[in-house]
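Dear colleague,

Please find below the structure I promised to hand over, followed by some notes on what turned up in it.

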Amino acid sequence: MSVQKTVFGRLPDGRQADLITLSNGRIEAQISNYGGIIYQLCVPDKAGKKANLILGHDGLEGYLVKGDYHGALIGRYANRIAKGRFTIDGKDYQITQNEGETALHGGVTGLNQKLWDIVELKDGEEPSLTLACFSPDGEEGFPGNLRVQVVYTVTANDGLRIEYFAQSDKKTPINLTNHAYFNLKGDPAQDILDNLLCIHADAYTPIDADSIPTGELAPVQGTPMDFTSPKPIGRDICADFAQLKKPMGYDHNYVLNASKEELPCIAEVQDPQSGRRMRVYTDQPGVQLYTANFLDGSEMGKNGVPLQQHHALCLETQNFPDSVHQPGFPDPFYGPGRDYHYTTIYQFDIG
Ligand code: GLA
């Protein structure tokens with residue numbers, strides 16, 4: 001059990017970013033207060049050999065240029081808001097558009113580009129790091145002064161728990177997540193298409209040509225979207241199925257099945273080669289399965305290995321994308337009288 005803090009690097013304005021290592025003696029998470037990024041997550045394979053499972057860059061510099069949100073905390077609103085626009089109590093708001101007309105992952109400067117305050121570092125059986133950041137009223141167009149806290153904990157049973165808290169003094173949409181790219185092989189030079197994936201979701205939210213949900217909850221049964229029982233990620237990824245064409249793979253929100261459990265297991269990934277298994281627990285209603293479709297080898301990853309398409313998968317726990325426009329989706333508006341709080345755990349063992 002240990003907690004350590006070292007210097008990660010300097011931002012262009014001279015501020016120092018730190019790197020915090022949380023270890024329970026078996027798994028070890030390295031997290032920066034810059035964007036709250038998970039820099040490394042070292043987990044043993046079936047032979048007990050540890051490797052980092054998180055795709056990303058070497059050092060702070062790679063994270064400073066506009067990238068693919070590697071390992072970062074995403075907000076104020078993860079995923080897409082159509083035309084970057086929404087209305088609250090008759091008032092229109094315009095969020096900065098950063099993907100054509102769409103606002104993606106919080107606009108041009110999201111929470112992933114903030115230097116968060118380190119509020120607390122706790123050692124013990126379950127070492128943890130508490131980060132906090134402030135987003136002023138009007139930032140990127142969002143209403144309300146927003147205070148966010150995220151607690152990262154390495155649990156006693158080999159999980160990385162992420163707890164999100166936020167409060168706003170005005171009604172505002174909130175959707176926070178972490179954008180870690182997992183490669184359970186621990187080898188970024190290999191793809192993850194043989195990983196067995198199971199998602200406890202009988203439906204997903206189909207998307208239009210701009211990757212905005214149409215509002216429909218479509219059954220996965222009988223389609224390549226079906227992961228209700230374990231299936232290699234690559235089995236249907238190239239299927240002749242319109243939803244998979246434009247995004248070049250999976251980039252869809254799954255509608256998680258209702259559960260009586262407080263923190264249900266919503267997905268499971270297993271890598272046959274290393275034996276590593278990851279179970280995902282969350283109390284959010286959705287998860288974005290993204291198979292790193294837009295990585296094309298042009299960006300350099302850790303140890304000089306380029307970041308390649310389908311060499312990782314993201315399971316971004318979240319509210320449904322564009323929920324600000326869809327009355328049939330879970331309510332994304334928070335503010336006075338409604339604070340934001342949820343928990344996700346990525347838990348590891350050998351399957
Ligand atoms: C999410 C989106 C993708 C893509 C990545 C970041 O997963 O759904 O379309 O924007 O983030 O590259």
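Does F294 count as buried, partly exposed or exposed, and at what relative accessibility? Please keep in mind that this is a predicted model. F294 counts as partly exposed, because its relative accessibility of 37% falls between the limits of 20% and 50%.

F294 also belongs to an aromatic pair with Y290, in which the ring centres are 5.7 Å apart and the planes stand at 45 degrees, so that the pair is described as tilted. Y290 itself is buried, with a relative accessible area of 4%. Y334 is buried at a relative accessible area of 13%, and Y340 counts as buried at 3%.

R338 lies over the face of Y334, at 4.0 Å from the ring centre, while the charged end of K171 sits over the ring of F333, 5.8 Å from its centre. F333 is in turn linked by ring pairs into a cluster with F86, Y93 and F142.

Turning to the ligand, 13 residues surround it, and R80, H105, H179, D251 and E316 are the closest. This shell divides into 5 nonpolar, 4 polar and 4 charged residues. A polar side-chain atom of H105 lies 2.7 Å from an oxygen atom of the ligand, and for H179 the corresponding distance to a ligand oxygen atom is 2.7 Å. Taken alone, the ligand exposes 300 Å², of which the protein buries 97%.

With kind regards

Terms used. Residues are numbered from 1 along each chain as its sequence is written. This is a predicted model: local features need pLDDT of at least 70, side-chain atom pairs count only at pLDDT 80 or more; totals for chains, interfaces and linings use all residues. Side-chain values use heavy atoms; hydrogens and water are left out. A residue is near a molecule or strand if one of its heavy atoms lies within 4 Å of it. A polar contact is a pair of N or O atoms within 3.5 Å; within protein, one must be able to donate a hydrogen and the other to accept it, and residues adjacent in sequence count only if both atoms are side-chain atoms. Accessible areas come from the Shrake-Rupley method with a 1.4 Å probe; for residues, only the protein chains shown count as cover. Ala, Val, Leu, Ile, Met, Phe, Trp, Tyr, Cys and Pro count as nonpolar, Asp, Glu, Lys and Arg as charged, and the others, Gly among them, as polar. Rings of Phe, Tyr and Trp (its six-membered ring) pair if their centres lie within 6.5 Å; planes under 30 degrees apart count as stacked, over 60 as edge-to-face and the rest as tilted. Buried means under 20% relative accessible area, exposed over 50%, partly exposed in between (1.4 Å probe, protein chains only). A charge sits over a ring if NZ of Lys or CZ of Arg is within 6 Å of the ring centre and within 35 degrees of the ring normal.
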